[in-house]
Amino acid sequence: MGSKKALLIVDVQNDFCPGGSLAVPEGDKIVPVLNRYMMIFSRKKWPIFASRDWHPQESKHFKQFGGLWPEHCIQNTRGARLHPDLRLPKETIVLSKGMDPDKDSYSAFQAVDSKGTEFFKLLKTLGIDKLWVGGLATDYCVKSSVLDALKFGFKVKLLIDAIKGVNIKPEDSEQAIEEMVRGGAEKMTLEELSNQGKKIEGG
Ligand code: VGL
Ligand code: ZN
């Protein structure tokens, strides 16, 4: 039995990058790194998923309506668009989440594709058992997606050169990484990958 991997890029959207309404410090710095991971997956014809936060104008997720956050990633706005420098291969499957005005949906496992099919179902249909995860933000949507993936039995490589956190408290991202690793995620970087050479097939 072969094992199959997929890449999950979490919420690399304008509003989470410098200049956006909920900017993650240096959020855009991970874009070129993610582009390299995408090249690897694309060449191997391994699936690539890109999730996006996709909120209605009014949502309990926003401060204005009792939630935690300034308005961000409102459907069909510039802020909600995936970062323009992200070189998504045309086969990339875009997932949307956060459409329910009554819920905070941080995990990509709460996201659906353009036909409304849930991420978990898509992974099962494709026979995926390993996920490589990068994106924004380490301490929210990346963490939540990774912990869900582990809970559902996927092996996870956390791409620590391709994540950035909000850090409401300065230690939030470090703690999030520890929590993911404790849950079974393995840390990975592009550099390690190139040192390993061919081992990527098995990894
Ligand atoms: C996120 C805060 C609010 C995220 C989404 O993508 O990490 N963070 N909504
Ligand atoms: Zn949000």
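The model on screen is predicted.

**Stop 1: ligand 1.** Select ligand 1 and display the residues around it.

Stop 2: Select the side chain of His61: one of its N or O atoms is 3.1 Å from a nitrogen atom of ligand 1. Then turn to the backbone. An N or O atom in the backbone of Ala137 lies 3.1 Å from an oxygen atom of the ligand, and a backbone N or O atom of Cys141 is 3.0 Å from an oxygen atom of ligand 1. Taken alone, ligand 1 exposes 260 Å², and the protein buries 99% of that area.

**Stop 3: the cavity.** Hide the ligand and compute the cavities from the protein atoms. Ligand 1 sits in the largest cavity.

**Stop 4: the zinc ion.** Select ligand 2, a zinc ion. Which atoms coordinate the zinc ion? The donors are OD of Asp53 and the NE2 atoms of His55, His61 and His72, at 2.0 to 2.2 Å. Along the sequence, the donor residues follow the spacing D-x1-H-x5-H-x10-H.

**Stop 5: two of the histidines.** Select His55 and His61 and colour by accessible area. Are they buried or exposed? Both His55 and His61 are buried.

Notes. Residues are numbered from 1 along each chain as its sequence is written. Chains are lettered from A and ligands numbered from 1 in the order in which they are written. This is a predicted model: local features need pLDDT of at least 70, side-chain atom pairs count only at pLDDT 80 or more; totals for chains, interfaces and linings use all residues. Side-chain values use heavy atoms; hydrogens and water are left out. A polar contact is a pair of N or O atoms within 3.5 Å; within protein, one must be able to donate a hydrogen and the other to accept it, and residues adjacent in sequence count only if both atoms are side-chain atoms. Accessible areas come from the Shrake-Rupley method with a 1.4 Å probe; for residues, only the protein chains shown count as cover. On a 1 Å grid over the protein atoms alone, a cavity is a set of points where a 1.4 Å probe fits but cannot get out, and a pocket is an open set with protein on both sides within 12 Å along at least five of seven lines; lining residues have an atom within 4 Å of a point. A molecule sits in a cavity or pocket if more than half of its atoms lie within 2 Å of its grid points. Donors are N, O and S atoms within 2.8 Å of the metal (3.2 Å for Na, K and Ca); water is not among the atoms, so sites may look incomplete. Buried means under 20% relative accessible area, exposed over 50%, partly exposed in between (1.4 Å probe, protein chains only).
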